[in-house]
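Subject: Structure handover

Hello,

Here is the structure I promised to pass on. Please open it beside this note and follow along.

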Amino acid sequence: KVQEILQEYKSLQDIIAILGMDELSEEDKLTVARARRLQRFLSQPFSVAEVFTGKPGRFVDLETSIKSFNRIIDGELDDLPENAFYMVGDTDEAVARAKEMAMATADPAEMEEAGAVNAERRDIDFVLELKDYLGQLEAAEEAGESKTAVLG
């Protein structure tokens, strides 16, 4: 079934190049989208390619691979972006990567609502605490106190 979808996508590429995606039927658009996900998913991280990709290789058993391909073919993961399927071992990883991608592109208000850490605010707080601490150290040195009295 994977080969059939990829072959159908290959035959549609000429039509896409000439007329564009808008001229395809809804069924053909779905075939194209799934084929592109399958292509990305076929880039599973292999141990032998670790030197070139920088990503550690993964061993995925045959049963898990077949289940993952079936999930893509059956359309269970049509709502995930194509890039989520690149260099993952199974579709559960693709789902996790899609969530990471969504968090990375979310606006700050959405991130706070989702409970994500606002790194910029944390950095500002750290700088303010550090400035206060350095001020205490300077004051202690001027008063002739030891640094351990400030630290304690």
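Leaving aside its neighbours within four places in sequence, which residues is Ser65 in contact with? They are Gln44 and Val60. Contact here means heavy atoms within 4.5 Å.

Before the rest, some ground rules. This is a predicted model, so local features need pLDDT of at least 70 and side-chain atom pairs count only at pLDDT 80 or more, while totals for chains, interfaces and linings use all residues. Residues are numbered from 1 along each chain as its sequence is written, and side-chain values use heavy atoms, with hydrogens and water left out.

Back to Ser65. It sits in helix α4. Helices are DSSP runs (H or I, at least four residues), numbered from the N terminus. Ser65 counts as buried because its relative accessibility is 11%. The cut-offs are under 20% relative accessible area for buried, over 50% for exposed, and partly exposed in between (1.4 Å probe, protein chains only).

**The core**

The largest nonpolar core has 19 residues. Such a core is a set of buried Ala, Val, Leu, Ile, Met, Phe, Trp, Tyr and Cys residues joined through side-chain atoms within 4.5 Å. Leu38, Phe41, Ile72 and Phe85 have the most contacts inside it. Two or more residues come from each of α1 (2–19), α2 (26–41), α4 (62–73) and α5 (91–105). Beyond its neighbours within four places in sequence, Phe85 touches several residues, among them Phe41, Ile72, Leu77 and Ala94.

**Salt bridges**

There are eight salt bridges. The rule is a side-chain nitrogen of Lys or Arg within 4 Å of a carboxyl oxygen of Asp or Glu. Glu82 pairs with Arg36, the closest N and O atoms being 2.8 Å apart. Glu82 lies in the loop between α4 and α5 and Arg36 in helix α2, so the pair ties together parts that are 46 residues apart in sequence. Arg36 is partly exposed, at 27% relative accessibility. Glu82 also bridges to Arg40 (3.3 Å, N to O). Another bridge joins Glu63 and Lys67, with N and O 3.2 Å apart. Both residues lie in helix α4, four residues apart, about one turn of the helix.

**The surface**

Where is Ile18 placed? It is in helix α1. Ile18 is exposed, with a relative accessible area of 71%.

Best wishes
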